[in-house]
Amino acid sequence: MEAEASRSLKRVSARREGLPWRDLRGWVARIEQHGELARITAEVDPHEELGAVTLLASRQDKSPALLFQTLKGDSSNSRILINMLGASRERYALAVGLDPGATTPEMIQATRSIMSAPIPPVMIPKEQAPVNEVVLTGKDIDLTAFPVPTFWPADGGRFIGTGDITFTASPETGRINVGCYRQMLQGRNRVGLYCSPGKHGLLDREAWWARGEPCEVVAAYGIDPVLFMLAAQSFAAEESELDVAGGIMGRPVELTTAECVSLPIPANAEFVIEGVLRQGDVMAEGPLGEFTGYYGRERSPQPVLEVLAVHHRKSPIFTHALMARYPSCEIGAYYAIMRSARILDDLERIGVPGVVGAYAHPAAASGWGMVVVSMQQKYAGHAAQVLALTAQCPAAAYYTKWVIVVDEDVDPSDFNDVLWALSTRCHPAEDIDVLRNTWSTGLDPSRFPPELRPYGSKVLINACKPHQHLQDFPQSTLLRKSVHDRVRARWTELGFAGPAPRMTTFHPEKS
């Protein structure tokens, strides 16, 4: 299996291109060249209609990115890009420079490689930063002049921050965190900012307030897909999303100096605000239709960002992310692949042997709800060990409810394969355990009363062959590799269109 994975990684990496785009506009041009963009020129109302168009257009995983060019009531010449990545593996591959034709397991392994060579960001002069085409401060700031959507009928307001990145810093170390947090427009220069418990943005905010100081924040709403993807990942406190982004892009992320805060701002973004969160300054926020497919976080007081400066390009493109049931959720294929890569990295660092693959299924609350790990059993209790460590490793600990372990002959990204293993190798009375009081989210609709929602639980399911009976377990029906390869070579001759399926586990050849 290791040799096969190595060959797959080389095949994908060998075709890896550099990233020819430097900003969101370059990304839009690139996906349009690949037939992955739909321009919506007809007038669309940002109030509910834009969300409805996006939902209906994205009910299949091959849906394109949508660029809305004419927004009702807008006089700022703004545009909105939504479904930037969505459920498309092809757009994910284009965004990180991988082969769009690679399989999901190949993309996961290649992602581990390209995320392992960080490049630190660089500062460029203000006058060279495209985001500084227009800079507003003081009374000139009016965020209500821009087209900010209301996505769902019961949303608590207009949400300017859904497809955003948000910078905060640790007062102790100066580490800049890049997160993706929902942000509701509260006025001309006021933005509500909601962070889930345990997230670094919230921890940074509380640390500044504990010192009696306001928390500085920078938020960008028109950003390239690499920064957006990394903002949604879980990194250790000492890791830098900016460094990882540079490594993926093959060049440093360009930052520039802000007007009013000590944090830098992303130089190539479309629209950036800078400001401060002051302890006690709160307003009612939410709810918002969330990634769970339900309205999340009942209306409650949340901290408000006092906006001190706005930077934007002329005719800015706002990036937004519809939160909905898969495949219409912006947290789709990219998140499943990146989270899976992070889980495998975590298990490798912990020192768990025999792990072959992992997949965070996007249909399970957009990759948050279920993780499947495939492994080669090496000793008694090995499967239970992998289950427990996967459940609590940094990349999988947040919200995951279902952790399933399968043997190495099962593709964790193929749910048909996983269901087969669950149905033929799992004995429920003996192979299911539960972890209680685990790290969860305030957006989980299954937990009542709502104040209990930061705490969750996890089901650990062993769908491997029983270790004590490996030798006696019934033999799986498999092809011989020689016959498999011969049929694949004749696929077109046999009259089939498209690439032939590829198996990775085989019946022993005749001796």
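Me: How much space lies in the second largest pocket?
Reply: This is a predicted model, where local features need pLDDT of at least 70 and side-chain atom pairs count only at pLDDT 80 or more, while totals for chains, interfaces and linings use all residues. Residues are numbered from 1 along each chain as its sequence is written, and side-chain values use heavy atoms, without hydrogens or water. A pocket is an open set of points on a 1 Å grid where a 1.4 Å probe fits, with protein on both sides within 12 Å along at least five of seven lines. Filling the points, joined across faces, edges and corners, with probe spheres gives the second largest pocket about 690 Å³.

Me: Which residues lie nearest the centre of this second largest pocket?
Reply: Lining residues have an atom within 4 Å of a point, and here there are 38 of them. Nearest the centre lie Cys180, Tyr181, Lys199, Ala232 and Trp368.

Me: Which element gives the largest share of that lining?
Reply: Elements are DSSP runs numbered from the N terminus: helices (H or I, at least four residues) and strands (E, at least two). Those giving two or more residues to the lining of the second largest pocket are β8 (176-179), α7 (225-231) and α9 (333-350). The largest share, 4 residues, comes from α9.

Me: Why is the pair of tryptophan 21 and tryptophan 27 called edge-to-face?
Reply: The structure holds 13 aromatic pairs, meaning Phe, Tyr or Trp rings (six-membered ring for Trp) with centres within 6.5 Å; planes under 30 degrees apart are stacked, over 60 edge-to-face, the rest tilted. In this pair the ring centres are 5.6 Å apart and the planes stand at 65°, so the pair counts as edge-to-face.

Me: Is tryptophan 27 buried or exposed?
Reply: Buried means under 20% relative accessible area, exposed over 50%, and partly exposed in between (1.4 Å probe, protein chains only). Tryptophan 21 has 2% and is buried. With 0%, tryptophan 27 is likewise buried.

Me: How many residues apart in sequence are the parts that phenylalanine 228 and tyrosine 334 tie together?
Reply: These two rings form a tilted pair, 5.8 Å centre to centre with 45° between the planes. Phenylalanine 228 is buried at 3%, and tyrosine 334 is buried at 1%. Phenylalanine 228 belongs to helix α7 and tyrosine 334 to helix α9, so the parts they tie together are separated in sequence by 106 residues.

Me: Which residues form one aromatic cluster?
Reply: Phenylalanine 228 and tyrosine 334 turn up here again. The cluster consists of Phe228, Phe291, Tyr334, Tyr335, Trp368, Tyr398, Tyr399 and Trp439.
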